[in-house]
Amino acid sequence: MTTLNRRRLPLALAALGVALAGPALAHHGWSWAEDAQTTLQGTIRQISMAPPHPMLMVELEGKLWQVDLGNPNQTERSGFRGDTAKPGEAVTVLGNRHRDRSKLQIKAVRLTIAGKNYDMYPERIRTN
């Protein structure tokens, strides 16, 4: 390998890393979500605790919504675990809906199941 190629290799690898990380970083922030919070009440159909973040599939009026929870540590700190709820149970989700209204996706700041709150992002909960 020439000296010139050795110098370009780290730069090329860094550029590749940024290109691959871009979509993941865009998805995991809040930029895709509306500023206003909304409430969604439905029935849990599926629970996934798999990385990169836990999520629920919630049915409302015959449509399935993807409910993104906090990262695995935040979700566990909220008290919510994979066995906390079961498919078929009612859930109320307080969160920020996807800006693209054609996408049935919401980022939860709080789940309420059987009268118990699970606060994923307590600092983001708006009470008014």
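Modeller: A residue is called buried when its relative accessible area is under 20%, exposed when the area is over 50%, and partly exposed in between. The model here is a predicted one.

Colleague: Why does Arg 110 count as partly exposed?

Modeller: Arg 110 has a relative accessibility of 24%. Buried requires under 20% and exposed requires over 50%, so a residue in between is partly exposed. Arg 110 therefore counts as partly exposed.

Colleague: What makes Arg 110 and Asp 119 a salt bridge?

Modeller: Their side chains meet at 2.6 Å, N to O. The cut-off for a side-chain nitrogen of Arg and a carboxyl oxygen of Asp is 4 Å, so the pair qualifies. Asp 119 also counts as partly exposed, because its relative accessibility is 24%.

Colleague: How many salt bridges does this rule give?

Modeller: The count comes to 4 salt bridges. One of them joins the side chains of Glu 34 and Arg 101, at 2.8 Å from N to O. This pair links distant parts of the chain: Glu 34 is in strand 1, Arg 101 is in the loop between strand 4 and strand 5, and the two are 67 residues apart.

Colleague: Why is Glu 34 called buried?

Modeller: Glu 34 has a relative accessible area of 19%. The limit is under 20%, so Glu 34 is buried.

Colleague: What makes Glu 59 and Arg 45 a salt bridge, and which strands does the pair tie together?

Modeller: The side chains of Glu 59 and Arg 45 meet at 2.5 Å, N to O, and the rule asks for within 4 Å. Glu 59 counts as partly exposed at 28% relative accessibility, and Arg 45 counts as partly exposed at 42%.

Colleague: Where does Trp 30 lie, and why does Trp 30 count as buried?

Modeller: Trp 30 lies in the loop between helix 1 (3-28) and strand 1 (33-48). Its relative accessibility is 19% and the limit is under 20%, so Trp 30 counts as buried. Leaving aside residues up to four places away in sequence, Trp 30 touches Asn 96, Lys 107, Val 109, Tyr 121 and Arg 124. From Trp 30 to Arg 97 there are 67 residues in sequence, and 10.0 Å in space, C-alpha to C-alpha.

Colleague: What makes a set of residues a nonpolar core, and which have the most contacts inside the largest one?

Modeller: Its members have to be buried, of the listed types such as Val, Leu and Phe, and joined through side-chain atoms within 4.5 Å. The largest nonpolar core has 24 residues, and those with the most contacts inside it are Leu 56, Val 67, Leu 69, Phe 80, Val 93 and Leu 111. Two or more residues come from each of strand 1, strand 2 (55-60), strand 3 (63-68), strand 4 (90-98) and strand 5 (105-113). Strand 5 gives the most, with 5 residues. In soluble globular proteins, nonpolar side chains tend to be buried together.

Colleague: What does Val 93 touch?

Modeller: Apart from residues up to four places away in sequence, Val 93 touches Thr 38, Thr 39, Leu 40, Val 67, Ile 106, Ala 108, Arg 110 and Leu 111.

Colleague: How many helices and strands does the protein chain have?

Modeller: The protein chain has 2 helices and 6 strands, in the order α-β-β-β-α-β-β-β from the N terminus on. Of its 128 residues, 32% count as buried.

How values were computed. Residues numbered from 1 in each chain as written. Predicted model: local features only at pLDDT ≥ 70, side-chain atom pairs only at ≥ 80, totals over all residues. Heavy atoms only, no water. Helix = DSSP H or I, 4+ residues; strand = E, 2+ residues; numbered from the N terminus. Buried < 20%, exposed > 50% of the residue type's maximum accessible area, 1.4 Å probe, protein only. Contact = heavy atoms within 4.5 Å.
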